[in-house]
Amino acid sequence: MKSRFSRKWFLFLVTGLFLLGGGAYAGYLKMRGIPGWLSYEAAESEPTRRDEALRSAFLDPAAGVEERYEALFTYFMEGYMTYRSPRGERVQYPGAPSGAGYAINGLEGFARTAVLAAAWIHSGRDPVVRLGGGIGEVDLVEVLRAGVLAGTDRDGDAYWGDLRDYNQRTVEAADVARILWVTRDRIWDRLSPAERDRIGAWLSPALTVRVRDNNWHFFPLMVGIVLKDLGVAGAEVPLHHYKAILGHYRGHGWFFDNPEGIDFYNAWGISYELAWIRMVDPDFDADFNADVLQASTSNILHLISPKGVPIMGRSVCYRTAIPAAVVAEAAAAPENVAPGQARRALDAVWRHFVERGALRGGQLTQGYYGQDLRFVEAYTGTGSCHWGLRSLVMAFLQPPGSPFWTDPEQPLPVEVADYDLDLEKIGWKVSGRRATGDITIEIPANPDVEHPVGSHTLLRRTMETLTRRLYRPYNHAVKYDGRFYSTAEPFPTRQ
């Protein structure tokens with residue numbers, strides 16, 4: 001008894017000292033200004049006046065459609081400028097880091113948010129915007145130009161670093177290419193030959209590096225298509241990546257996405273990319289692309305309700321990007337998706353998440369509704385979640401006064417009638433019920449078993465501080481192995 005008692009208290013004492021030591025070490029690093037590993041919560045854990053003002057403006061029933069979305073745009077630009085680096089090449093948002101490191105987190109913050117500013121500029125809106133929070137007047141053209149030039153300057157202290165095999169920079173390079181393409185007449189066409197060569201030299205390795213065998217194939221493909229269209233010498237489209245993508249097609253507009261398979265990546269990471277290919281090069285496998293986008297956007301519309309989405313799979317913090325391809329389809333093929341219905345889809349998603357506190361401090365939170373690291377993968381860092389802005393990117397590419405903004409709103413499928421879709425080729429059954437607004441994904445291959453949700457505990461956080469490695473619970477089984485996923489109980493809200 002005595003030996004057992006002593007051993008128990010010894011372990012208790014060691015654990016206590018371990019946790020206290022980790023806390024002291026965390027405090028020391030914070031005092032020294034060492035970034036990235038201690039900000040487990042967003043800087044603004046409670047809504048600020050800026051957050052409340054955005055919520056009020058966006059949800060105001062008396063406000064016009066464009067007015068409401070311009071408030072949302074301004075909100076994200078204020079966050080962008082608040083956390084922008086001195087040279088403008090990185091945006092270091094507060095929050096939990098990814099395993100890729102501080103510099104990559106900042107590159108993601110830049111690339112994934114700057115493309116929204118680029119869409120604003122492309123649409124013909126005034127690039128000089130007035131922002132609150134003491135920021136004042138900002139010329140978005142100069143902001144983007146300065147950031148890209150600083151990040152691609154190999155001899156400068158702000159250099160983004162070289163693109164290498166299986167490296168996150170290749171992912172972000174696709175958004176940098178998009179920024180240059182949509183602002184071509186305002187930035188690219190006005191650069192000196194030396195500046196264009198510098199940018200091209202940074203982007204071009206994307207055409208030859210090796211990438212993961214999943215949606216990553218799109219990033220070299222997009223860079224190649226853009227560089228060729230911009231007239232960069234020697235730029236070729238790496239078609240072997242496109243062949244790899246085609247090998248993952250399953251049907252119903254859906255692709256298998258390694259390593260997990262079928263999930264919402266098709267909405268925000270595959271159909272979105274196909275929509276961009278159609279914009280930049282309308283002739284690129286046009287018939288197949290059109291058929292796939294028609295099928296996938298139809299399915300995406302059947303997954304959106306004013307009550308939310310039946311979320312499942314990885315990267316749930318990208319949740320607000322779900323209607324991105326739907327908005328793009330309404331612009332390119334309004335016979336498939338009416339502009340008023342696409343806007344209804346966009347509005348249903350953004351209203352749902354704005355109402356539930358998914359925005360804090362000028363950024364999207366690292367979670368589903370709020371800051372929640374139970375479901376955040378190791379590749380998700382402080383700027384990663386701004387892939388969630390992709391639906392706004394597609395919206396702001398539409399000029400003011402265009403049908404997307406002015407056509408009468410049309411209802412979503414779940415607001416019209418009940419439906420039951422058997423998507424046999426991807427292993428899903430999707431049902432919607434008009435009376436409740438609920439949508440459910442059933443995966444018949446999965447057993448009907450409840451999977452407990454693991455927490456991001458103090459011990460895990462302390463281990464991360466001490467070892468500088470991530471120990472998030474990830475909750476893979478909850479994300480993929482459930483039988484049912486419903487708007488009535490999205491898994492990230494379960495405790």
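1. The model here is predicted, so to speak for local features a pLDDT of at least 70 is needed, side-chain atom pairs count only at pLDDT 80 or more, and totals for chains, interfaces and linings use all residues. Residues are numbered from 1 along each chain as its sequence is written, and side-chain values use heavy atoms, without hydrogens and water.

2. Now the helix pair. Helix 8 (residues 218–230) packs with helix 10 (residues 265–280) at about 15 degrees, the axes being 11 Å apart; the two are therefore roughly parallel. Helices are DSSP runs (H or I, at least four residues), and axes are lines fitted to C-alpha atoms over the stretch in contact, with angles from 0 to 180 degrees between N-to-C directions.

3. Their contact (heavy atoms within 4.5 Å) involves F218, F219, L221, M222, I225, V226 and D229 of helix 8, and G269, I270, E273, L274, W276, I277 and V280 of helix 10. These divide into eleven nonpolar, one polar and two charged.

4. A cavity is a set of points on a 1 Å grid where a 1.4 Å probe fits but cannot get out, and lining residues have an atom within 4 Å of a point.

5. The largest cavity holds about 60 Å³, with Y368, D372 and P492 among its lining residues.

Terms used:
Parallel < 35°, antiparallel > 145°, perpendicular 65-115°, else oblique. Nonpolar A, V, L, I, M, F, W, Y, C, P; charged D, E, K, R; others polar. 1 Å grid on protein atoms, 1.4 Å probe; cavity = no way out; pocket = protein on both sides within 12 Å on 5 of 7 lines; lining within 4 Å. Points joined across faces, edges and corners; volume = space filled by probe spheres on them.
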